[in-house]
Amino acid sequence: MLRINIKERENWQRKAADFGFKFHTMYGETYWDETAYYQFSLQQIEQDLEDPTVEIHQMCLEVVDKVVQSEQLLEKFQIPADFWQLIADSWKHKQPSLYSRLDFAYHGKGPAKLYENNADTPTSLYESGFWQWLWLEEQVNAAKLPKQSDQFNSLQEKLVHRLAAIAKHYGIEHMHFACCQDTEEDRGTVQYLQDCAKESGLLNDFVFIEDIGLSDCGSFSDLKDNRIETLFKLYPWEFMQREEFGQAIQDAGVNWIEPIWKSVLSNKALMPMLWKMFPNHPNLLAAYFEDELTKARETKLVKKPIFSREGANISIIEQGKTVVQGDGPYGEEGFIYQDFYPLPQFGNNHTLIGSWLVNDQAAGISMREDSSLITQDSSRFLPHICI
């Protein structure tokens with residue numbers, strides 16, 4: 001695993017504008033960074049990242065199966081009781097999932113260590129599935145990369161096939177897509193999925209989350225008063241379950257993507273459950289619920305809210321003292337604690353690997369780096385190759 005400097009493509013920003021990549025710069029700082037790339041061997045990709053991704057995903061599904069059958073565990077996951085049966089039914093009926101992303105710390109040798117499972121609303125999909133592949137093709141054609149350069153990336157192909165399979169499962173030809181207003185990155189992610197849906201043969205419409213209405217008959221609708229029957233929503237289940245329209249979910253008759261059983265899979269409480277069910281697994285870090293913290297023997301821990309996104313409210317605790325404190329709006333529902341395992345460092349850059357899954361299949365990786373120990377929404381995205 002190497003970080004290699006490379007010259008940027010000329011006028012790539014203009015091409016980004018042409019392709020609708022509007023968030024390559026965020027908050028006035030570089031987000032897409034092609035001044036360097038990460039290089040992996042095929043063995044590193046296949047043995048250290050791809051295989052563990054599939055194995056850990058199956059382990060996570062075993063946790064879901066256990067949690068949905070236990071009111072005690074559902075309560076520990078801070079899921080409102082009104083949704084327990086709905087989640088259990090969703091799991092029992094095998095409502096189909098589209099995609100998710102596992103985040104790993106990996107140093108190029110030894111086992112990759114799982115940080116968390118982004119199973120409900122992961123972003124950076126467009127950059128991973130399309131834009132970094134375009135970068136690879138153009139740099140190879142320009143002889144800036146070796147001809148044999150490849151990329152662990154079948155994300156777009158798998159998304160197209162999976163969307164077609166979901167359409168067949170539900171017997172639909174049309175799907176709505178939604179995200180919040182004033183989030184350029186989210187809108188770009190959803191637009192990319194709409195393009196994949198179109199390629200799969202699905203008709204689709206877009207609606208902002210804020211514009212979804214509730215009809216007198218209990219169904220959800222868009223601004224044109226069209227009933228929403230199948231919805232991809234880049235919006236977290238933990239938000240939906242606590243909002244005014246949450247009580248309408250059960251009777252709205254919507255095919256949700258992601259399905260509501262992912263309330264378990266996307267929850268940080270997944271981490272201590274994985275450690276309980278698969279103790280000392282080489283790809284796992286020791287993790288604990290707050291009421292079990294006396295069992296921890298580690299001297300340095302990462303404190304994570306049960307519900308948290310983009311590194312918000314994450315703290316690092318050493319010998320009982322907080323040495324790094326992340327800001328944000330999360331933490332009301334409680335925290336889990338995970339063994340501190342540092343990201344690899346290249347110069348001043350701390351590098352996190354996101355490993356994508358479409359359905360149950362590994363589909364590629366994304367690279368994020370930051371000068372901070374904690375990866376955030378503004379952390380830079382760099383391309384990768386494998387040789």
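Which residues does Phe 40 touch, not counting residues up to four places away in sequence? In this predicted model, the list runs through Met 1, Ile 45, Leu 49, Tyr 106, Ile 353, Ile 365, Met 367, His 384, Ile 385, Cys 386 and Ile 387. Phe 40 belongs to the largest nonpolar core, a set of 78 residues, and it stands with Val 264 and Leu 274 among those with the most contacts inside that core. Helix H2 (residues 42-67) supplies the largest share of this core, nine residues. A second, separate core holds 43 residues, including Trp 12, Phe 21, Trp 32 and Val 140.

Attention can now turn to a pair of helices. Helix H6 (residues 155-170) and helix H7 (residues 184-200) have axes that come within 8 Å and cross at roughly 60°, and the crossing is right-handed. On the H6 side, Gln 156, Leu 159, Val 160, Leu 163 and Ala 164 make the contact, while H7 contributes Tyr 192, Leu 193, Cys 196, Ala 197, Glu 199 and Ser 200.

An open sheet is built from five strands in the order S13-S17-S14-S15-S16, with antiparallel pairing. Its edges are strand S13 (287-289) and strand S16 (321-325), each of which pairs on one side only. Neighbouring strands are turned by 30° against each other on average, direction ignored. Three bridges join S13 to strand S17 (residues 335-339), and Phe 289 stands opposite Ile 336 in S17. Helix H10 (residues 270-277) packs on this sheet, touching S13 and S17.

Methods. Residues are numbered from 1 along each chain as its sequence is written. This is a predicted model: local features need pLDDT of at least 70, side-chain atom pairs count only at pLDDT 80 or more; totals for chains, interfaces and linings use all residues. Side-chain values use heavy atoms; hydrogens and water are left out. Axes are lines fitted to C-alpha atoms, for helices over the stretch in contact, and angles run from 0 to 180 degrees between N-to-C directions. Helices (H or I, at least four residues) and strands (E, at least two) are DSSP runs, numbered from the N terminus. A crossing is left-handed if the near helix is turned anticlockwise from the far one by less than a right angle, and right-handed if clockwise. Contact means heavy atoms within 4.5 Å. A nonpolar core is a set of buried Ala, Val, Leu, Ile, Met, Phe, Trp, Tyr and Cys residues joined through side-chain atoms within 4.5 Å. Buried means under 20% relative accessible area, exposed over 50%, partly exposed in between (1.4 Å probe, protein chains only). Two strands pair if DSSP finds at least two bridges between them.
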